[in-house]
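Welcome, and thanks for taking a look at this one. Here is a short briefing on side-chain contacts, grouped by topic.

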Amino acid sequence: MLRSTASLTLPGRMTLGWGKLRRFYLAHFRAAYVRESLARRVGQCDRTGACCHLMFTCPLLDQKSDPVRCTIHAIKPKVCRLFPIDERDLRDRDIISPHTPCGFSFVPRQEFLARGPAAVREAETHVHVEAIDLPKERGEAHPHGH
């Protein structure tokens, strides 16, 4: 069950608003940070649609389908494709859907970096930010799907 944004306190709304701005900035101007964060991300999208309700309900979300789906999935904005970029995004999401966990989680940054520079670089080379959450070509494996 999703909480309505109307039921949120002012600090809750401000947190969600700041999160939207932060994600836009990260997605468009901090490629290295995004690549490292996504290399730490594990799991998969459970298609609850909670991330499509941050601040407002995305008008392109088809809520009648089960599970919910994006009506412009093939061309959806970069910020949407990359969600969640880091743990802060999961906390934002949990404001809207506190009782249904996200399918994604993150390896703690210190634990990830403790693997050593070579392992970190190797993990980051498998992150293809430009292809995350786009429709798969037939027979193509899709790492980091959302």
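The structure holds one aromatic pair. Its members are Tyr25 and Phe29, whose ring centres are 5.9 Å apart and whose planes meet at 35 degrees, so the pair counts as tilted. Please keep in mind that this is a predicted model.

**The aromatic pair and its surroundings**

- Tyr25 and Phe29 both belong to helix H1, and because they are four residues apart there, about one helical turn separates them.
- Tyr25 is partly exposed, with 42% relative accessible area, while Phe29 is exposed at 57%.
- Together with Phe24, these two residues make up a nonpolar patch on the surface, and the three share about 360 Å² of accessible area.

**Charges over rings**

- Lys20 sits over the face of Phe56, 4.8 Å from the ring centre.
- Arg41 takes up such a place over the face of Phe104, with 4.1 Å to the ring centre.

**Salt bridges between helices**

- Across the whole structure, a search turns up nine salt bridges.
- One of them joins Asp89 and Arg23, with 3.0 Å between the closest N and O atoms.
- Asp89 is part of helix H4 (residues 87-96) and Arg23 is part of helix H1 (residues 10-29), so this bridge ties together parts that lie 66 residues apart in sequence.
- Are these two partners, Asp89 and Arg23, buried or exposed? Both of them are buried.
- Glu87 pairs with Arg40, and here the closest N and O atoms are 2.7 Å apart.
- With Glu87 in helix H4 and Arg40 in helix H2 (residues 31-40), the pair links parts 47 residues apart in sequence.

**A neighbouring pair and a network**

- Asp94 forms a salt bridge with Arg93, the closest N and O atoms being 3.0 Å apart.
- Asp94 is partly exposed at 34% relative accessibility, and Arg93 is buried at 2%.
- Which residues do salt bridges with shared partners join into one network? They are Arg22, Arg23, Asp86, Arg88, Asp89 and Asp92.
- The bridge between Asp89 and Arg23 described above therefore has both of its residues in this network.

Methods: Residues are numbered from 1 along each chain as its sequence is written. This is a predicted model: local features need pLDDT of at least 70, side-chain atom pairs count only at pLDDT 80 or more; totals for chains, interfaces and linings use all residues. Side-chain values use heavy atoms; hydrogens and water are left out. A salt bridge is a side-chain nitrogen of Lys or Arg within 4 Å of a carboxyl oxygen of Asp or Glu. Helices (H or I, at least four residues) and strands (E, at least two) are DSSP runs, numbered from the N terminus. Buried means under 20% relative accessible area, exposed over 50%, partly exposed in between (1.4 Å probe, protein chains only). Patches are made of residues with over 30% relative accessible area and no salt bridge: like charges are joined within 9 Å, nonpolar side chains (Val, Leu, Ile, Met, Phe, Trp, Tyr) within 5 Å. Accessible areas come from the Shrake-Rupley method with a 1.4 Å probe; for residues, only the protein chains shown count as cover. Rings of Phe, Tyr and Trp (its six-membered ring) pair if their centres lie within 6.5 Å; planes under 30 degrees apart count as stacked, over 60 as edge-to-face and the rest as tilted. A charge sits over a ring if NZ of Lys or CZ of Arg is within 6 Å of the ring centre and within 35 degrees of the ring normal.
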